[in-house]
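Here is a short briefing on one protein model. Look at the sequence and the structure first, then read on.

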Amino acid sequence: MITLQAYAKINLSLDVVGRLSNGYHLVRMIMQTVGICDELSFEKTEGEIRITTNDGELPLGEDNLIYKAAALIRDRFHTGGVSVHLEKRIPVAAGMAGGSTDAACTLKAMNQLYGLQLSGEELRELGVKLGADVPYCIMGGTALSEGIGEVLTPIAPMPDCYLLVAKPEINVSTKYVYEQLDSHEIQDHPDVDGMRRAIEEKNVRDMAELLGNVLQTVTVEQYPIVEEIKQVMLEQGALGSLMSGSGPSTFGIFEDEAKAQAAAEKIKALGLANQLFVTKPVNMI
């Protein structure tokens with residue numbers, strides 16, 4: 001048996017720059033791994049794929065990305081199957097790549113279990129068949145993501161800081177948000193290159209000022225609670241705050257851990273979110 005951690009991500013900058021004829025959106029975004037993770041344990045089987053979990057809401061059959069990742073390896077390389085136990089800690093339907101990172105972890109585990117010796121690049125090429133965030137989740141760290149998410153450029157590690165992540169008690173459909181985005185004229189594109197420079201210069205305050213996500217406007221229209229959480233974080237001392245991905249998870253950047261904890265307590269007391277995490281960037285996974 002092997003046990004691996006599957007880490008969540010946030011988007012420090014997310015821009016949509018076009019759309020392909022097949023409906024996929026072209027993006028430019030800066031992704032960052034954070035210290036919130038699921039834990040997955042894997043054992044070989046003769047051929048079947050079995051999934052168990054502590055989360056009663058997750059589908060465990062062929063619709064699950066863990067199942068799809070395991071089946072992709074099994075069928076492509078004629079391996080046996082796998083039994084997987086998932087300890088779910090990353091919020092579900094939250095804009096933090098929880099499903100994608102579990103799929104990425106499964107590809108890595110199958111590679112190890114069956115001695116396939118696939119390179120990171122080969123795993124990422126397989127991962128994009130499962131979802132646009134999966135290649136990034138295989139690589140992790142701090143990266144510029146382009147194309148539909150599969151063109152990845154590692155960049156300098158995000159400077160040390162504290163991150164408060166709040167997930168309100170709503171679930172947001174990524175598909176819905178992107179579809180709604182098409183009916184919006186994007187007026188305010190985030191400065192992705194400026195964000196990259198701020199990270200490379202280790203300038204946390206500039207980073208906080210440059211946070212931007214074109215999907216945020218769409219989600220906030222439907223779920224104003226996202227903006228309420230952002231405002232509480234800023235009032236409690238966050239240098240900046242942003243919705244991650246298609247939401248609704250929202251994070252704040254803090255220089256001081258005590259301020260991040262106080263903001264978490266305030267958000268909980270106001271009933272805006274119960275899933276709250278004070279964490280840090282993770283640059284090696």
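Which residues does L107 touch, not counting residues up to four places away in sequence? L107 touches A69, I73, L123, G127, L130, V134 and I138; contact means heavy atoms within 4.5 Å.

This is a predicted model: local features need pLDDT of at least 70, side-chain atom pairs count only at pLDDT 80 or more, and totals for chains, interfaces and linings use all residues. Residues are numbered from 1 along each chain as its sequence is written, and side-chain values use heavy atoms, leaving out hydrogens and water.

**Nonpolar cores**
- A nonpolar core is a set of buried (under 20% relative accessible area, 1.4 Å probe, protein chains only) Ala, Val, Leu, Ile, Met, Phe, Trp, Tyr and Cys residues joined through side-chain atoms within 4.5 Å.
- The largest has 51 residues, and L107 is one of those with the most contacts inside it.
- Apart from it lies another core of 26 residues, including V34 and M96.
- In soluble globular proteins, nonpolar side chains tend to be buried together.

**Helix 10**
- Helices are DSSP runs (H or I, at least four residues), and strands are too (E, at least two), numbered from the N terminus.
- Buried in helix 10 are A260, A263, A264 and I267.
- Seen down the helix axis, the buried residues fall within an arc of 105° (directions from the axis to the C-beta atoms), so they line one face.
- Turned away from that side are A258, E265 and A269, which are exposed (over 50%).
- Cover for the buried residues includes strand 7 (162-167) and helix 9 (225-235).

**Ends of helix 10**
- At the start, a side-chain oxygen of D256 reaches to within 3.0 Å of the backbone nitrogen of A258.
- G271 follows helix 10, and its phi is positive, near 75°.

Key: Polar contact = N/O pair within 3.5 Å; in protein donor to acceptor, adjacent residues only side chain to side chain.
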